[in-house]
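Please open the structure in your viewer and keep the selection tool at hand. The tour below moves from the whole chain to a single residue.

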Amino acid sequence: MGEFNISNSSPSAFLLMGIPGLELLYIWVAIPYCSAYIIAFLGNLVLLFIIKIEPKLHEPMYLFLCMLSTIDLVLSTTTMPKLLGILWFDSREISFHGCLTQMFFIYSFAMMESSVLLAMAFDRYVAICNPLRYKTILTNLVITKIAVAALARAVAVVIPLPILLTRTPFCKSVVIQHSYCEHMAVLKLACADVTLNNIYGFAALLLVVGLDLMFIVMSYVLILQAVFRLASIDKRLKAIGTCASHIGAILVFYIPVVLTSIIHRFGHDVPLHIHILLATCYLMGPPVLNPIIYGIKTKHIRLRVQKFFHTT
C-alpha cells in the first residue's frame, strides 16, 4: 500500500472501503457483480451493433437508444472494474485526482442518461401525438443538437463538484466508506464547512434529474390523453406498447436514484452496506436491464438479434 499524505490539504490518495459489513462474503458478492458487468458490456455492444447494421433501425428512437447504450457502457466501466478489484484483490487505493475523475464521469453520465430518457419521452410524444410530422420534427440535426445539449448540460452542472473538492481540506481520514467515489461519502472526510458542497450537490440533483422526471411525467400525461382519444382499442394498445420499453428504462433508472437520495439523506438507521448496494444498483441496473428490456419489448430489435444469431 502506498504512502498517504494526510494534512489540511488534499490527500495524495484515498482508500475505498468497498462494502462494509460484507467483507467475509466479498468473493461471493463479486460473482453477481462480475456477471452483471459482463451482461451489461456485451448486451449494450450487441445493441449498438444491431442498430448500426440494420437500416430499419436508423430512426430517432433507436438513435436515442444508441446514446443510452453508450452512456450505460461508460457508467458501468467507470465503477465496476474498480469494485471488482476491491472485492477480489483488495485493491482499494485510488489517487485523489483519480477519485475526482471517477466522480465526474459517474455524475455527468448519469445526468446525460436522464437527459436522453427525457429526449426519448419527447420522441414518444411526437410519434403518438403528432405522427405526421415525426420525421420533420426529429431530424438528424435536431437529434445531434439534443445530444450536444445533454453533454454540455451534464459537464456544466457536474464540473463544480470536483472543483469545490480540490479547494476542500481533508484531515479526518483517507478511507471512503463506499465502493466508489460517491460525492457525499467523500465530503464526510472533509475537516471544513462543506455546506456549499452539500447545497450544490442537492440542487444539481433536484434541478437536473428532478426537472427531467417532471417533464417526462408531463409528456406521458399528454401521451395518455392522446391515446385515450383513439377510437380503436387495438390502436390504444399498440400506442401504449410502443412506450413500454421506455417506461421500463425510466423505472429502472429513476427508482434507485430517488431511493438512494432519500435513504442517504434521511435513512440514518439503514445499514451502510444497504446504502452502498442500492447506490451500486442505480449505476449497474440500467446498463444490465436496458438491453434486455429493449431486446424483448422492441420487435425490430428482437427479430434482428434472432436473425443475427441464427446466421452465425
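Begin with the surface of the protein chain, which exposes about 15,500 Å², carbon and sulfur atoms supplying 71% of that area; accessible areas come from the Shrake-Rupley method with a 1.4 Å probe, and for residues only the protein chains shown count as cover. This is a predicted model, in which local features need pLDDT of at least 70 and side-chain atom pairs count only at pLDDT 80 or more, while totals for chains, interfaces and linings use all residues. Residues are numbered from 1 along each chain as its sequence is written, and side-chain values use heavy atoms, with hydrogens and water left out.

Next, show the C-alpha trace of the protein chain, which spans about 70 × 45 × 35 Å along its principal axes. Colour by burial, and 48% of the 312 residues are buried, meaning under 20% relative accessible area with a 1.4 Å probe and protein chains only.

Switch to a cartoon to find 12 helices and 3 strands, which are DSSP runs (helices H or I, at least four residues; strands E, at least two) numbered from the N terminus.

Now select helix 2, residues 60-89, and within this helix threonine 79. Is threonine 79 buried or exposed? Threonine 79 is buried, because its relative accessible area is 4%. Display its side chain, which reaches the backbone oxygen of leucine 75 at 3.2 Å.

Methods: Buried means under 20% relative accessible area, exposed over 50%, partly exposed in between (1.4 Å probe, protein chains only). A polar contact is a pair of N or O atoms within 3.5 Å; within protein, one must be able to donate a hydrogen and the other to accept it, and residues adjacent in sequence count only if both atoms are side-chain atoms.
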